[in-house]
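Here is a short report on one protein chain. It covers rings, a helix and a surface patch.

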Amino acid sequence: IFFALLLLLFASERPLELRAAKRNCRTLLERGGREFGASHYPIIVAMHSAFFVSLVVEFVLRSAPLTSFFAFPLILLVAAQSLRIWVLRTMSNRWTTRVIVIPGEKLIRSGPFQFFSHPNYVAVAIELFALPLIFGLFVTCIVFSLLNAIVLLFIRIPSERAALEWSQSTEFFND
């Protein structure tokens, strides 16, 4: 039952976030924003969808209750959720699941951004690690932690860097 409750919590949270992200995307684009990395977005969506499928499949195949060490990953998961909420509140209407920048707009340096360059990615990485670990779903934990790291390090973060360079380029300013 605990597995079903956690899965339901995370599965119901995602559509709410996606609705806010879509609204924020529209607003940012209307304000002159430009999207970067649109071609990799389906990869991220597929990976996160596959994560939930993998959780269920491995849980059913393993048919095991909580691990004896479930408290540690559960604490990590709560910390990741807290960080995620802090990011969403700090970014407000600038938070999206896509990479959209507005020329010349300053980076957010408050909230968790004063401690991490990519706090939302830290939260997601912890979630992908901790949620399956609570139930001893080691295959899902390892596979999706590695996939996430590869996508972030080699695709998503370089795309964000390019977007930030573009948005801060001198062609938009007359100093």
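Phe-51 is buried, at a relative accessible area of 4%. Phe-52 is buried too, with 16%; the cut-off for buried is under 20%. Their two rings pair up. The centres lie 5.5 Å apart and the planes meet at 70 degrees, so the pair is edge-to-face. Edge-to-face requires an angle over 60 degrees. The model is a predicted one, and these values are computed from it.

**Aromatic pairs**

The count of aromatic pairs comes to nine. One of them joins Phe-2 and Phe-135, and this pair is tilted, with 5.9 Å from centre to centre and 45 degrees between the planes. Phe-2 belongs to helix α1, while Phe-135 sits in the loop between α4 and α5, so the pair ties together parts 133 residues apart in sequence.

Phe-2 counts as partly exposed, at 31%.

The table sets out the relative accessibility of several residues.

| Residue | Relative accessible area | Class |
|---|---|---|
| Phe-2 | 31% | partly exposed |
| Arg-14 | 16% | buried |
| Phe-51 | 4% | buried |
| Phe-52 | 16% | buried |
| Ser-92 | 44% | partly exposed |
| Ile-150 | 46% | partly exposed |

**Helix α1**

Helix α1 covers residues 2-30.

Buried residues of α1 include Phe-3, Leu-6, Leu-7, Phe-10, Glu-13, Arg-14 and Glu-17. Further along α1, Ala-20, Ala-21, Asn-24, Cys-25 and Leu-28 are buried as well. An α-helix has 3.6 residues a turn, so residues three or four places apart point the same way. What do the buried residues of α1 pack against? Their partners are α2 (41-62), α3 (71-91), β2 (99-101) and α4 (119-134). Just after α1, Gly-32 takes a positive phi of about 100 degrees.

**Arg-14**

Arg-14 lies in helix α1. Its relative accessibility is 16%, so Arg-14 counts as buried. Leaving out residues up to four places away in sequence, Arg-14 touches Phe-52, Arg-84 and Glu-127. Phe-52 is the edge-to-face partner of Phe-51. Arg-14 and Ile-100 are 86 residues apart in sequence, and their C-alpha atoms are 19 Å apart in space.

**Ser-92**

Ser-92 sits in the loop between α3 and β2. Its phi is near 50 degrees, a positive value in a residue other than glycine. At 44% relative accessibility, Ser-92 counts as partly exposed.

**Nonpolar surface patch**

Which residues form a nonpolar patch on the surface? They are Ile-43, Ile-150, Leu-153, Phe-154 and Ile-155, with about 500 Å² of accessible area together. Helix α5 (residues 138-167) gives the largest share of the patch, four residues. Ile-150 is found in helix α5. Ile-150 counts as partly exposed, at 46% relative accessibility.

How values were computed:
Residues numbered from 1 in each chain as written. Predicted model: local features only at pLDDT ≥ 70, side-chain atom pairs only at ≥ 80, totals over all residues. Heavy atoms only, no water. Patch = residues over 30% accessible without salt bridge, like charges linked within 9 Å, V, L, I, M, F, W, Y side chains within 5 Å. Areas by Shrake-Rupley, 256 points an atom, 1.4 Å probe, with all protein chains shown as cover. Salt bridge = Lys/Arg side-chain N within 4 Å of Asp/Glu carboxyl O. Helix = DSSP H or I, 4+ residues; strand = E, 2+ residues; numbered from the N terminus. Buried < 20%, exposed > 50% of the residue type's maximum accessible area, 1.4 Å probe, protein only. Expected span 1.5 Å × (residues − 1). Contact = heavy atoms within 4.5 Å. Phe/Tyr/Trp six-rings, centres within 6.5 Å; stacked < 30°, edge-to-face > 60°.
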